[in-house]
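The report that follows describes a two-chain model, and the sequence and coordinates are shown first. Please keep them at hand while reading.

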Amino acid sequence: MSGGAVTSTDGGPGAVPARSRRPLLTRGWGPAALVVPFVVALAVRDRFDPLTADDVQLWSTLFVSIAVQALPFLVLGVVLSGMIAAFVSPELVERLVPRRPAVAVPAAGVAGLALPGCECGSVPIAGRLAAAGTPPAAALTFLLAAPAINPVVLISTAVAFPGEPSLVLARFLASFTAAVVVGWWWAHRRGDEPLRVAGHEHDAPQRWLRFADTASRDLVHAGGYLVVGAAAAASLQLIVPRSTLDAVAGNEVASILVMAALAVTLSICSEADAFVAAGLPQFSLTSRLVFLVVGPVIDLKLIAMQSGVFGRRFAMVFAPLTLVVATLSAVVFGQVLL
Amino acid sequence: MNRLGRGAVLLILGVVVAQLVLDGSFGAFVQQRMRIPLAVAAGTVVVLGLVDLAVALRERSDDELDRPVGPRVGWLLAAPVLVLVAVAPTSLGAAAADRVDSFEPSRPDDLAQLPENDPFAMQVLDFVTTARWDETGALVGRRVILEGLVVNDADLPDGFHLTRFLVSCCAADGIPIKVTVRGVEEPFADDQWVRAIVTLRESSAATDLNREVEVDVVEIVPAEAPASPYESPF
């Protein structure tokens with residue numbers, strides 16, 4: 001999509017870094033993105049009355065409110081992950097994680113608590129850790145724990161469910177347990193079989209530019225999926241007949257399965273998913289806990305990213321394993337704590 | 001998306017959210033306490049967008065310009081902007097009031113002491129909670145000022161449901177709190193904000209907890225929508 005039908009204008013191999021800049025207006029979609037949405041939106045608003053119809057209005061209110069509520073937390077998360085990318089070296093993180101798997105796995109889980117960032121940010125960090133010699137099982141535990149239990153995620157969960165402090169605790173414990181169980185299982189079954197890791201670099205020369213670049217990259221990535229999730233939650237409220245929604249929500253097993261499936265398909269960033277869950281008040285707290293525990297560790301976006309960084313065969317084993325462990329962990333802690 | 005596209009999307013997103021904060025219309029979507037976090041977030045997004053645009057304008061070759069610096073899904077961040085401008089969504093109203101079951105207060109630990117002055121104003125949330133659970137019946141017959149919006153009901157020819165939404169986090173989790181107002185002579189349109197002096201007919205604690213909270217109207221006037229359209233349980 002970006003810069004669709006563009007051919008390079010400079011000459012053959014070794015051409016001088018060309019000064020042949022195209023005029024601003026033909027550089028891909030950027031300038032259009034600044035102007036076109038406003039023109040289209042204003043034209044639509046003036047021409048068509050149906051857009052003021054009740055359901056369109058209500059859908060828009062629900063959709064925009066989830067996106068707006070989540071934005072500050074998303075921005076906080078990407079600013080912190082940008083700081084880490086720019087100012088904390090992978091060597092430092094690696095030094096903090098012990099080598100013996102039995103200890104390294106829970107230690108990596110705790111490291112996840114200290115490093116805020118979306119799941120999209122933790123995939124490359126886990127890749128860098130594994131490449132730097134951390135036991136694979138510990139790198140994987142970090143991969144699962146960091147997006148699920150970091151402080152930004154826990155704060156946004158507390159804000160989204162102000163009357164349910166036990167939900168924050170349950171989310172923390174269920175996610176941590178799932179991450180450590182998967183890590184130990186991996187250490188036990190796969191031992192030190194190394195992970196194949198593909199590179200991923202942020203290549204801006206100055207630190208502050210690297211910071212801004214990482215933050216912006218994570219923001220458009222996570223923000224795009226947040227928009228998908230907000231649209232899905234708003235649509236569920238309005239398009240699915242209320243009787244169907246109530247029937248599913250009234251059955252605990254069905255609502256757990258539906259919420260786990262939603263978590264996997266919607267691929268919402270962990271810093272924003274609590275607000276989407278809060279927007280589905282028909283569902284029980286335990287089924288929404290399943291949504292919050294499953295989403296950060298396994299969804300379509302993560303499967304794609306993990307296949308890219310660690311290989312397709314790895315993802316084929318790791319994804320279903322994680323889904324089952326995370327769902328069970330959430331159900332157990334939900335029963336005990338909620 | 002290339003750098004110019006990423007910068008453009010971030011800039012319009014930041015500007016539109018900043019506008020929501022400046023004109024106060026963010027109150028239709030989230031609670032007032034989000035004002036400062038939203039302002040900071042909007043400012044940060046604007047700066048990130050400007051940095052991208054500045055870097056993109058200095059990039060030397062077409063290759064550099066076309067290099068992807070974000071996934072395609074990032075273009076969707078323009079969607080909330082489109083929706084905000086095209087639809088101009090409003091706060092929750094009558095259309096939302098029948099989507100979810102009305103709020104049913106659970107038994108509170110203690111009920112607030114009613115003020116002496118007459119009439120006195122109450123949050124709709126407190127009014128309904130007291131009407132349901134106060135076994136002393138102290139609220140019955142007192143003149144109370146309530147503010148809310150009109151949700152008409154075909155089964156209620158002489159009244160409407162005075163409705164306020166209870167929002168814990170953002171508008172998407174809004175639950176309607178309803179008081180059934182009787183004895184209204186001139187009907188109001190759906191979604192009209194009103195300020196009414198009403199008297200509670202009976203305390204449900206003494207009779208039937210499943211009955212609607214019914215009040216008789218003493219006086220009712222149309223009102224401007226308040227800055228915070230929602231009530232919060234916290």
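Which residues have the most contacts inside the largest nonpolar core?

## Basis of the description

This is a predicted model, in which local features need pLDDT of at least 70 and side-chain atom pairs count only at pLDDT 80 or more, while totals for chains, interfaces and linings use all residues. Residues are numbered from 1 along each chain as its sequence is written, and chains are lettered from A and ligands numbered from 1 in the order in which they are written.

## The nonpolar core

The residues with the most contacts inside the largest nonpolar core, a set of 182 residues, are A:I66, A:L74, A:L226, A:V294 and B:V17. Such a core is a set of buried Ala, Val, Leu, Ile, Met, Phe, Trp, Tyr and Cys residues joined through C-beta atoms within 7 Å, and a residue is buried if 20 or more other C-beta atoms lie within 10 Å of its own, exposed if 12 or fewer, and partly exposed in between, with C-beta atoms placed from the backbone. The element that gives the most to this core is α2(A), with 19 residues.

Leaving aside residues up to four places away in sequence, A:V294 touches A:A260, A:A263, A:V264, A:L323, A:A326, A:T327 and A:A330, where contact requires C-beta atoms, placed from the backbone, within 7 Å.

## Chain A and its interface

Chain A has 15 helices and 0 strands, these being DSSP runs numbered from the N terminus (H or I, at least four residues, for helices; E, at least two, for strands). Of its 338 residues, 54% count as buried, and among contacts in chain A with a separation of 6 or more, 84% join residues 24 or more positions apart.

In the interface, 70 residues of chain A are in contact with 72 residues of chain B. On the chain A side, two or more residues come from each of α1 (30–47), α2 (54–87), α7 (151–160), α9 (207–239) and α12 (273–278), and α2(A) supplies the largest share, 18 residues. By class, this side has 42 nonpolar, 19 polar and 9 charged residues, with Ala, Val, Leu, Ile, Met, Phe, Trp, Tyr, Cys and Pro counted as nonpolar, Asp, Glu, Lys and Arg as charged, and the others, Gly among them, as polar.

## Backbone features of chain B

The peptide bond from B:D118 to B:P119 is cis, with omega near -10°, and B:P119 is found in the loop between α5 (94–97) and β1 (120–121) of chain B.

B:A88, in the loop between α4 (78–87) and α5 of chain B, is a residue other than glycine with a positive phi, near 50°; B:A88 is partly exposed, with 15 other C-beta atoms within 10 Å. B:D191, also not a glycine, has a positive phi of about 75° and lies in the loop between β4 (175–182) and β5 (193–200) of chain B. B:D191 is partly exposed because 19 other C-beta atoms lie within 10 Å.

Conventions
Contact = placed C-beta atoms within 7 Å.
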